[in-house]
Amino acid sequence: MISKDSLQFLEDLKQNNYREWFQANQKRYEEYKKDYRRMVEAFVAEMSKGDESLSHLEFKDCSFRINKDIRFSKDKSPYKTNMGIWMSTGNKNTNLAGYYVHIEKGAGFIAAGVYNPDANDLKKIRSEIAGFYEDLEDIVADADFKKIYGGLERTENNSLKKAPKDYPKDHPAIEFLKLKNFVAVAKISDKEIESKDFIKETSKKLLVLKPLVEFLNRGLTTE
């Protein structure tokens, strides 16, 4: 599990998100980085038991720099205040589907799928759905999927109001085809994050989404 010191460091950074404070707390940050590496390695080891395609992953493949890219953001605070872990058979520079763990006090969540695909990848995913939508229907109808995640994330910003180009409005999978992102998300509580079984129990929940990840990657990697 993540240490209380690391969680406190993130909370303190949230309240003091500027370079001078960060520089003055370099020792705490160094300890946080060690804990971050331990968390990533433990998650990869646990997740690989159920998804062997992740077994090759290293810390650099799954972690994120603490520095934010603020070039195009209204929020100019320079540092991330959460621990993010991304696990995919691809890497952070590809848009293959994968699993994500977001550790942040009061705002933790887990997710899997493809977020913000580019136009070419979106076309591939929609083609896979159009041809094999029954497979996706079976995936989201799974009892554990429905219990933990409810379904694929559907928000006003994540769904087209009309059928996408090249698809009829009466296509049997039209509600899937309207999606812009293809993710399932579940909140995780602070109590879960601080539990000694956090990695094991969270991995169980994430692996429920393995069929979704495989379905999406099938579409993304099939010419």
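Start with a contact: D5, S6, Q8, F9, L10 and D12 in α1 meet R28, Y29, Y32 and D35 in α3. Contact means heavy atoms within 4.5 Å, and helices (H or I, at least four residues) and strands (E, at least two) are DSSP runs numbered from the N terminus. By class, the residues of this α1 and α3 contact are 4 nonpolar, 2 polar and 4 charged. Here Ala, Val, Leu, Ile, Met, Phe, Trp, Tyr, Cys and Pro count as nonpolar, Asp, Glu, Lys and Arg as charged, and the others, Gly among them, as polar.

A word on the source: this is a predicted model, where local features need pLDDT of at least 70 and side-chain atom pairs count only at pLDDT 80 or more, while totals for chains, interfaces and linings use all residues. Residues are numbered from 1 along each chain as its sequence is written, and side-chain values use heavy atoms, with hydrogens and water left out.

Now the geometry. The axes of α1 and α3 are 9 Å apart, at an angle of about 125 degrees. Axes are lines fitted to C-alpha atoms, for helices over the stretch in contact, and angles run from 0 to 180 degrees between N-to-C directions. The pair is therefore oblique; under 35 degrees would be roughly parallel, over 145 roughly antiparallel, and 65 to 115 roughly perpendicular, with the rest oblique.

What else covers α3? Its buried residues (under 20% relative accessible area, 1.4 Å probe, protein chains only) include Y29, Y32, D35 and F43. Their cover includes α2 (19-24), α4 (59-62), β1 (83-88), β2 (98-103) and α9 (198-207), besides α1.

The second pair is α5 and α10, packed at about 140 degrees with axes 8 Å apart. These two helices are therefore oblique as well. In α5, residues including K124, I125, F132 and I139 meet residues of α10, among them L212, F215, L216 and L220. That contact has 10 nonpolar, 1 polar and 5 charged residues. The buried residues of α10 also pack against β2, β3 (109-114), α6 (143-149) and β4 (182-187).

Last, the loop between α3 and α4, which holds D51. Is D51 buried or exposed? D51 is buried, at a relative accessible area of 5%. Beyond neighbours within four places in sequence, D51 is in contact with Y99, L207 and K210. From D51 to T89 is 38 residues in sequence and 9.4 Å in space, C-alpha to C-alpha.

Terms used:
Buried means under 20% relative accessible area, exposed over 50%, partly exposed in between (1.4 Å probe, protein chains only).
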